[in-house]
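Trainee: I have the sequence and the model open side by side. Could we talk through what can be read from them?

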Amino acid sequence: MLLLIQHDKSQETLQYFPPDQTVQFTEAVTMLDLLSPAPNKGYQIQWAATSSTNQSVYLRQDISLLFQDGLLKGVKSLWKESVADLALEKTFQESGNHLFQAVSYHHGEVHYPEDQIRSIQQMSKDNLYIFTDSEAWEETGKEEQTKWNQAIYQQLDHTWQQWMSDHQLDSNRYEQIPLSDILQFQQHPISGFTQAETDQIIGQLWEGLYRNYLIPLIDKKEFSEVTMPLLLISKAGDHLLVLYNIDDQQGDILYQQINKSH
């Protein structure tokens, strides 16, 4: 699969800091839009991620991941200093029946005197089902979407379970969350944690994903199929894992200790 890459090489890190209480996002949106449909001749899709804060901050960073039928299709990353707004946009050609899923992480660093640093964060996502053999391109029925979704996740689950077996992980000890479903924790805390604790966990998770998953992918550029990562949250509430692959179907593992503040 051709990887779509848009990345500024000068910024190699993304770092979580305690949350800022005054700066906030006024917009954080990910969009997948069908352009110029032509049945049996392919189509164009616009993939966009935009965000704005209520004031300019020291550093703004946005990253966006695009998956096609559960496999990585593209990576976008952008950073700018002393701005409030960021916009990432890419148009690409495709054909056939597909499910496209885009997940974005919007981030900002706010710097204060005496080297005090705070951060803000927000996530966004969008899904787009394309059925080229349907007469109504943008009105695909829920039944068709459900069947397509089940087929894709059945294949993904086969890979994920193999990764868990390779690392000798007991599936009964973990809550399993595909990366495409991570936005649920923006409104609902991880079981046993407060929303503030969950926000910190998710911010540090993206920090690890950026360093261990996105940057190596961008640097490599050539690879075999890259499967959507799977989050494993320990039911004991002491750690989480991310299973992912870069070089081949052999899964790598990212470990993150998590702690309650009370």
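**Contacts, pairs and folds**

Mentor: Keeping in mind that this is a predicted model, we can start with Lys76, which lies over the face of Trp47, at 4.2 Å from the ring centre.

Trainee: And which residues does Ser64 touch?

Mentor: Leaving aside residues up to four places away in sequence, Ser64 touches Trp47 and Lys76 as well as Ala49, Gly74, Val75, Val103 and Ser104. Ser64 itself lies in strand S3, which covers residues 43-68.

Trainee: Is Ser64 buried or exposed?

Mentor: Ser64 counts as buried, because its relative accessibility is 0%, and the cut-off for that class is under 20%.

Trainee: What joins the side chains of Ser64 and Ser104?

Mentor: A polar contact of 2.8 Å joins them, from the side chain of Ser64 to that of Ser104.

Trainee: Let's step back to the whole chain. How many helices and strands does the protein chain have?

Mentor: There are two helices and ten strands in the protein chain, and read along the sequence they follow the pattern β-β-β-β-β-β-α-β-α-β-β-β. Of the 262 residues in the chain, 51% are buried.

Trainee: How many aromatic pairs does the structure hold?

Mentor: The structure holds four aromatic pairs. One of them is formed by Tyr105 and Trp206, whose ring centres are 5.1 Å apart and whose planes are at 15°, so the pair is stacked. This pair links distant parts of the chain, since Tyr105 is in strand S5 (residues 98-112) and Trp206 is in helix H2 (residues 195-220), 101 residues apart.

Trainee: Why does the pair count as stacked?

Mentor: The angle between the planes of Tyr105 and Trp206 is 15°, and planes under 30 degrees apart count as stacked.

Trainee: Are those two buried or exposed?

Mentor: Tyr105 is buried, with a relative accessible area of 1%, and Trp206 counts as buried at 0% relative accessibility.

Trainee: New topic, then: what volume does the largest pocket have?

Mentor: The volume of the largest pocket is about 420 Å³. Its lining consists of 22 residues, and the closest to the pocket centre are Pro19, Ile120, Gln121, Gln122 and Asp199.

Trainee: Which element supplies the largest share of the lining?

Mentor: The largest share comes from H2, with six residues of the lining of the largest pocket. Strand S6 (116-130) and H2 each supply at least two lining residues.

Trainee: Which residue has a positive phi although it is not a glycine?

Mentor: Asp69 has a positive phi of about 55° and is not a glycine, and Gln168 also has a positive phi of about 55° without being a glycine. Most residues other than glycine have a negative phi.

Trainee: Where is the place of each of them?

Mentor: Asp69 is in the loop between S3 and strand S4 (71-94), where it counts as partly exposed at 23% relative accessibility. Gln168 is in the loop between helix H1 (142-166) and strand S7 (174-178), and at 74% relative accessibility Gln168 counts as exposed.

Trainee: One more: where does Asp247 lie?

Mentor: Asp247 lies in the loop between strand S9 (239-244) and strand S10 (252-257). Asp247 is partly exposed, with a relative accessible area of 49%, and its C-alpha atom is separated by 7.9 Å from that of Val226, 21 residues apart along the chain.

How values were computed. Residues are numbered from 1 along each chain as its sequence is written. This is a predicted model: local features need pLDDT of at least 70, side-chain atom pairs count only at pLDDT 80 or more; totals for chains, interfaces and linings use all residues. Side-chain values use heavy atoms; hydrogens and water are left out. Helices (H or I, at least four residues) and strands (E, at least two) are DSSP runs, numbered from the N terminus. Buried means under 20% relative accessible area, exposed over 50%, partly exposed in between (1.4 Å probe, protein chains only). A polar contact is a pair of N or O atoms within 3.5 Å; within protein, one must be able to donate a hydrogen and the other to accept it, and residues adjacent in sequence count only if both atoms are side-chain atoms. Contact means heavy atoms within 4.5 Å. Rings of Phe, Tyr and Trp (its six-membered ring) pair if their centres lie within 6.5 Å; planes under 30 degrees apart count as stacked, over 60 as edge-to-face and the rest as tilted. A charge sits over a ring if NZ of Lys or CZ of Arg is within 6 Å of the ring centre and within 35 degrees of the ring normal. On a 1 Å grid over the protein atoms alone, a cavity is a set of points where a 1.4 Å probe fits but cannot get out, and a pocket is an open set with protein on both sides within 12 Å along at least five of seven lines; lining residues have an atom within 4 Å of a point. Grid points are joined across faces, edges and corners, and a volume is the space filled by probe spheres set on the points.
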